[in-house]
Amino acid sequence: MGDQKIYRASTTAPVNIAVIKYWGKRDPSLNLPTNSSLSVTLSQSDLRTHTTASCSSTFEGPDSLLLNNAPQSLSTPRSLACLKSLRALRSELEDADTSLPKLSTYPLRLASTNNFPTAAGLASSAAGFAALVRAIADLYELQQSPTELSLIARQGSGSACRSLLGGYVAWDHGSREDGLDSRARLVAPKSHWPDMKALILVVSAAKKGVSSTAGMQTTVQTSSLFQTRAKEVVPKRMAEMEKAIKARDFETFAKVTMRESNSFHATCLDTDPPIFYLNDVSRAAIKAVEEMNEKVGRTIAAYTFDAGPNAVIYYQEPDEDAVLKTFLPILRQKEGWGRIETKIDGPGPASSQVVEALEAGVSRVILTSVGEGPISVQEHLIDDKGKPVGT
């Protein structure tokens, strides 16, 4: 009969939101970036992808993936590159120990769920590929470190390499043509600066009009600002940001974060044709942060926007009341505040245009904080018969 066992492993992986942005590729086939980047890993209690990887000699090929119960293609170059690399590492183990089951030869069944909107500018591909790589690595009992696995996750989604680590994570762009030095690196663990929190204003849960992959390549080809940003602006800001994180210097962290977000979106606008990821609601969020910082008399919050309209506002826990005084009165009726119990009833930002734009345009909020990297779990999305749970 042979080996008919169904092997399973499950993991959850976090979203990360960059404060130094990745935008542009020096090698699209290997997903090698034109500049380094740096992100904050967010708590999986609020934003995560949960993935189960399973394999068996009894499964019929080809490999398959269900995302939120909908079939997804694994035949894309990015997915195939990840699976090929992971199978090669498992095959090395099997060659070294012939008693091991030949998992590298078995078809894979993968199931994944997100607890946040997919493809809406909330780094779903980063969490998704990080979870996929970590789950298969656990299934195959690979011993590679998260940094080593980040080389594989990078091939699926560039920013996914940063989601393989927790806390504050850099992705070094590297210089080698084979990409072996373009990988994630821990700048500081969550425990180094645990007070970091984030308020996410979900402006749109719709799929983006211009994907990150398409947008960044058009920027590389047409933006006159792009080369200056990649060669001069980002290296300087990477150094400033790493120093600020290690010193827990929020003022510098905040100012660099906001300038970097503005710089990134300026290159998008400088693209031909221009790419508009921000909208009027996004700009209202920027104005709200500016008014709040001015009113308090110091920089207590920083906005940043990835390739989408959703605002991510970083702040420290001791300043949470001041942040809530700005946003809670405006958005109290929106989903996502959880168990916050407060009697804050202030008017929010003074500008009526800001209030009106946020009230009308924000669909929900997410209150979260700095978090850990991938976590192995025993809750499987594929049952012991190889079927998706719930089917």
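1. In this predicted model, Asn16 has a relative accessibility of 1% and therefore counts as buried, the cut-off being under 20%. Asn16 belongs to strand E2, which runs over residues 16-20.

2. The side chain of Asn16 has polar partners: a polar contact joins the side chain of Asn16 to that of Ser163 at 2.8 Å, and another joins the side chain of Asn16 to that of Ser39 at 3.3 Å.

3. Helix H1, residues 77-96, comprises 20 residues and reaches 29 Å from its first C-alpha to its last, which is close to the 28 Å expected at 1.5 Å a residue. Its buried residues are Ser79, Cys82, Leu83, Leu86, Arg87, Leu89, Arg90 and Glu94, and because they cover an arc of only 155° around the axis, they lie on the same side of H1. An α-helix has 3.6 residues a turn, so residues three or four places apart point the same way.

4. What do the buried residues of H1 pack against? Their partners are strand E9 (108-114), helix H2 (124-139) and helix H3 (146-156), whereas Pro77, Lys84, Glu92, Asp95 and Ala96, on the other side of H1, are exposed.

5. Helix H6 covers residues 250-269, and its 20 residues should span 28 Å at 1.5 Å a residue, which agrees with the 28 Å between its end C-alpha atoms. The N-terminal end of H6 is capped by Asp249, a side-chain oxygen of which lies 3.3 Å from the backbone nitrogen of Glu251.

Note on methods: Residues are numbered from 1 along each chain as its sequence is written. This is a predicted model: local features need pLDDT of at least 70, side-chain atom pairs count only at pLDDT 80 or more; totals for chains, interfaces and linings use all residues. Side-chain values use heavy atoms; hydrogens and water are left out. Helices (H or I, at least four residues) and strands (E, at least two) are DSSP runs, numbered from the N terminus. The expected span of a helix is 1.5 Å times one less than its number of residues. A polar contact is a pair of N or O atoms within 3.5 Å; within protein, one must be able to donate a hydrogen and the other to accept it, and residues adjacent in sequence count only if both atoms are side-chain atoms. Buried means under 20% relative accessible area, exposed over 50%, partly exposed in between (1.4 Å probe, protein chains only). The arc is that of the directions from the helix axis to the C-beta atoms. Contact means heavy atoms within 4.5 Å.
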